[in-house]
Each structure stands twice: as C-alpha cells, then as structure tokens.
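Here is a short report on one protein model.

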Amino acid sequence: MRILVGYATGYGSTRSYAEVVAEELRSAGHDTEVISAREVHDLSAYGYVVIGGSLRAGSWLGQARNLAKKTLKAGKPHSVFICCMSAATENGRRQLDDMVLPKLKQKLPGLNLENPGLFPGMRNMDKYRFPIRGIMRSIAEKAGTENPDETVDFRDFELARGWARELARLLQKD
C-alpha cells in the first residue's frame with residue numbers, strides 16, 4: 001500500500017517521528033513517503049495517510065489540521081500521531097486523552113483518534129523565540145526542573161516504532 005506520512009512540526013521533533021514511523025512502515029513492505037504537511041496538495045496517489053503534528057498551547061499546529069481536513073474530504077483512511085512535551089509523563093498523557101483529543105475530535109469530526117500515537121518531544125530552549133521561550137521556562141519551573149533553560153530531549157523513538165509496527169500490522173489485515 002502507498003502511504004503518506006505528513007507532518008507539521010514546530011522545532012523538528014515531529015519530523016523526526018514521521019521519519020521513524022515511515023521507516024517502520026517501509027520495513028513492513030509499504031511504499032511510504034514523508035512530506036511536510038504544508039507541501040501536501042494531492043492525496044490521490046495514497047491509499048492511507050498518517051497525520052503527525054505537534055501541539056502548541058494545547059492546539060494542533062494549523063498545517064496538521066489542514067492536512068487532516070484534506071484527508072477527511074478525500075475520504076482517506078488515516079491515523080494520527082501527536083508530538084508534545086505533555087506526552088513525556090503519565091499524567092500528561094492522561095491530560096491529552098481527557099482534554100486535547102476530545103477538543104481535536106470536536107474541531108475535526110470524523111478524525112480517527114482510536115489509537116493515536118502520543119510521543120514526547122524536546123524542550124528546545126536554544127531554538128525558541130520570545131514568548132515561547134518564556135512559556136517553556138515557566139512550565140519547566142512549575143515542574144520543578146533544576147535548570148529550566150536547558151535543552152532536554154524527551155523523544156522516545158522506540159515508542160514510535162512500536163506504534164508504527166502495530167499500525168503496519170493492522171494495515172496488513174486490510
């Protein structure tokens with residue numbers, strides 16, 4: 001099956017996850033292409049779409065929402081993964097399940113959120129601009145972080161690989 005892994009990223013973590021997901025899907029025998037969501041114009045060549053996007057202030061990046069709208073309009077089967085700092089903790093993942101995913105489902109009726117990938121990102125203090133830097137510093141301070149200005153990589157590529165392998169297994173059944 002030909003699969004598109006489209007992603008919207010703020011600072012690169014979501015792109016790195018998109019590449020890992022695509023690698024696993026290729027390993028399972030799928031013809032898989034990774035493209036930035038802003039560059040996706042036509043979905044007709046794909047039998048399945050994976051939509052990845054990071055969260056900013058609890059909202060999915062606009063490019064991910066736009067790709068989701070195109071996917072829904074085209075009637076393409078799809079899966080979703082989200083990259084955000086909240087996914088780094090159990091409590092944060094519960095908040096995503098309880099607050100963010102229902103809001104996303106409400107904004108994008110028909111979006112398949114049955115088994116979303118929830119992947120932790122990075123605190124890229126060296127890349128953030130004002131006001132994001134201040135917001136991220138404040139979040140880190142509230143979490144009790146010893147050095148809130150430090151860049152920290154929370155990405156879990158094994159988590160993403162496992163999610164992608166399960167997706168590939170489900171797609172083999174179809």
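In which strand does Met122 lie? Met122 belongs to strand β7, which covers residues 122-123. The model is a predicted one.

Is Met122 buried or exposed? Its relative accessibility is 18%, so Met122 counts as buried. The cut-off for buried is under 20%. Cys84 is 38 residues away from Met122 in sequence, yet the two C-alpha atoms are 7.9 Å apart in space. Cys84 turns up again below, in the lining of a pocket.

**Strand β1 and its partners**

Strand β1 spans residues 2-8. Six of its seven residues are buried, so the strand is mostly covered. Which strands does β1 join? One partner is β2, residues 31-36. β1 and β2 run parallel and are joined by six bridges. Within this pairing, Val5 stands opposite Val34 of β2. Between the two strands the chain passes through helix α1, residues 13-27. This β-α-β crossover is right-handed.

β3, residues 48-56, is also a partner of β1. Six bridges link β1 and β3, and these strands run parallel too. Here Ile3 stands opposite Tyr48 of β3.

**Aromatic pairs**

How many aromatic pairs does the whole structure hold? A search finds five. Two of them are described here.

In one of these pairs, the ring centres of Tyr17 and Phe119 are 4.8 Å apart. Their planes stand at 35°, so the pair is tilted. Tyr17 sits in helix α1, and Phe119 sits in strand β6, residues 117-119. The pair therefore ties together parts that are 102 residues apart in sequence. Tyr17 counts as buried because its relative accessibility is 0%. Phe119 is at 1% and therefore counts as buried.

Phe81 and Trp163 form another pair. Their ring centres are 6.0 Å apart and their planes are at 70°, so the arrangement is edge-to-face. Phe81 is in strand β5, residues 78-83, and Trp163 is in helix α5, residues 157-173. This pair therefore connects parts that are 82 residues apart in sequence. Phe81 and Trp163 are both buried.

Which residues form one aromatic cluster? The members are Tyr17, Phe81, Phe119, Phe157 and Trp163. Both pairs above thus belong to one cluster.

**Open and enclosed space**

| Space | Volume |
|---|---|
| Largest pocket | about 960 Å³ |
| Second largest pocket | about 190 Å³ |
| Largest cavity | about 60 Å³ |

The largest pocket is lined by 37 residues. Which of them are closest to its centre? They are Cys84, Met85, Ser86, Met136 and Ile139. Several elements give two or more residues to this lining: α1, β3, α3, β7 and α4, residues 132-142. Helix α3 gives the largest share, six residues. By class, the lining has 20 nonpolar, 15 polar and two charged residues.

The elements that supply two or more residues here are β5 and α5. Helix α5 provides the largest share, five residues. This lining has seven nonpolar, three polar and three charged residues.

How many cavities of 30 Å³ or more does the structure hold? There is one. Its lining consists of Leu55, Gly58, Ser59, Trp60, Arg65, Val100, Lys103, Leu104 and Lys107. Strand β4, residues 59-60, and helix α3, residues 90-107, each supply at least two residues of the lining. Which element gives the largest share? Helix α3 does, with four residues. The lining of this cavity divides into four nonpolar, two polar and three charged residues.

Terms used: Residues numbered from 1 in each chain as written. Predicted model: local features only at pLDDT ≥ 70, side-chain atom pairs only at ≥ 80, totals over all residues. Heavy atoms only, no water. Buried < 20%, exposed > 50% of the residue type's maximum accessible area, 1.4 Å probe, protein only. Pairing = 2+ DSSP bridges. Right-handed = clockwise from strand over helix to strand, strands pointing away. Phe/Tyr/Trp six-rings, centres within 6.5 Å; stacked < 30°, edge-to-face > 60°. 1 Å grid on protein atoms, 1.4 Å probe; cavity = no way out; pocket = protein on both sides within 12 Å on 5 of 7 lines; lining within 4 Å. Points joined across faces, edges and corners; volume = space filled by probe spheres on them. Nonpolar A, V, L, I, M, F, W, Y, C, P; charged D, E, K, R; others polar.
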